[in-house]
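These notes are meant to be read beside the structure.

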Amino acid sequence: MRTTPFTAGLLAIASLAGCQQDEREDPVSITSQEARRALLVPSVRGAAAPKRVWADHTANAIKSSELDGSAPDVLFDDVQGPYGLSLDVAAQRLVFTSSELEVVQIAPVGGGEVASLETSFEEGYAILHDIGTHKVVYGLRDTQIIKLTEDIDFGTEAIEVLLQVGSPDEVHGLALTPDGAALYVGDSVGQMSQKLNLATHVVEPLYYAGPAGEPDPIDPGTQVLR
């Protein structure tokens with residue numbers, strides 16, 4: 001497949017993304033109402049009962065407490081301006097974004113270190129991922145999240161549509177999971193709200209506390225605390 005202006009542009013964006021950290025703007029404005037919202041998360045650090053967990057943007061920390069707000073604790077303090085806390089139940093990870101580093105980060109519910117993912121909040125949300133002699137770019141083209149594969153040896157390209165969305169405004173930000181098997185997909189306000197399996201194209205919702213006044217996409221077995 002010949003190189004088109006779109007594919008060439010997507011590759012260029014992905015290649016330059018690492019050089020533009022200082023020029024990026026925070027894609028989400030943090031409100032006090034969002035800071036007061038929290039997720040009920042089971043088995044935090046092996047606890048027998050669920051905990052109230054939230055991202056404290058001002059304190060640069062992910063915090064927890066008992067359901068009644070007692071016994072507050074800092075789960076992770078090595079984060080910078082965290083926002084948009086989500087829970088990936090299958091992977092048992094908390095997912096959030098550093099507004100200062102502008103990268104999606106993950107932290108194990110059971111405790112451990114915070115890790116940064118390959119992320120893009122730039123237009124097109126292009127993520128470049130090298131696999132042997134192939135360059136793979138994930139990104140948003142109009143209303144499609146796609147995978148662009150370039151064979152370096154033969155100079156050929158292939159495009160695979162991973163997900164069709166209703167509007168490009170529904171997506172803001174992409175992040176590649178550590179195993180390279182899925183993409184976290186940001187919603188219109190930049191919170192990682194879905195997990196897209198790259199092999200099966202199956203989309204799973206992440207549990208999160210949505211914007212104030214909107215329904216919370218939480219499984220009936222969990223709840224959001226305000």
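1. Is Asp56 buried or exposed, going by its relative accessibility? Asp56 counts as buried, at 18% relative accessibility. Here buried means under 20% relative accessible area, exposed means over 50%, and partly exposed lies in between, with a 1.4 Å probe and protein chains only.

2. This is a predicted model, in which local features need pLDDT of at least 70 and side-chain atom pairs count only at pLDDT 80 or more, while totals for chains, interfaces and linings use all residues. Residues are numbered from 1 along each chain as its sequence is written, and side-chain values use heavy atoms, with hydrogens and water left out.

3. The chain has two helices and 19 strands. These elements are DSSP runs numbered from the N terminus: helices are H or I of at least four residues, and strands are E of at least two. Of the 226 residues in the chain, 44% are buried.

4. Of the contacts between residues at least 6 apart in sequence, 39% join residues at least 24 apart; a contact means heavy atoms within 4.5 Å.

5. Four salt bridges are present in the structure. The term covers a side-chain nitrogen of Lys or Arg within 4 Å of a carboxyl oxygen of Asp or Glu. One of them joins Asp73 and Arg45, at 3.5 Å from N to O. Asp73 lies in strand β4 (residues 73–76) and Arg45 in the loop between β1 (38–41) and β2 (51–56), so this pair ties together parts 28 residues apart in sequence. Both ends are partly exposed: Asp73 has 37% relative accessibility and Arg45 has 42%.

6. Another salt bridge links Lys51 and Glu66, whose closest N and O atoms are 2.6 Å apart. Because Lys51 lies in strand β2 and Glu66 in the loop between β3 (61–65) and β4, the pair ties together parts that are 15 residues apart in sequence. Lys51 is buried, at a relative accessible area of 17%, whereas Glu66 is partly exposed at 28%.

7. Asp56, the subject of the opening question, forms a salt bridge with Lys63, at 3.0 Å from N to O. Lys63 counts as partly exposed at 22% relative accessibility.

8. Five strands make an open sheet with antiparallel pairing, in the order β9-β14-β15-β16-β17. Two strands pair if DSSP finds at least two bridges between them. At the edges are β9 (118–120) and β17 (203–205), each pairing on one side only. Neighbouring strands of the sheet are turned by 20 degrees against each other on average, direction ignored; the axes are lines fitted to C-alpha atoms.

9. Strand β9 is joined to β14 (residues 174–176) by three bridges, with Thr119 partnering Ala175. Five bridges join β15 (residues 182–186) to β16 (residues 192–197), and Val185 has Gln194 as its bridge partner there. Three bridges pair β16 with β17, where Lys195 stands opposite Glu204.

10. Two hairpins complete the picture. β15 and β16 have five residues between them, and Gly190 in the turn takes a positive phi of about 85 degrees. The hairpin of β16 and β17 has five residues between its strands, and His201 takes a positive phi near 65 degrees.

Technical notes: Axes fitted to C-alpha atoms, helices over the stretch in contact; angles between N-to-C directions.
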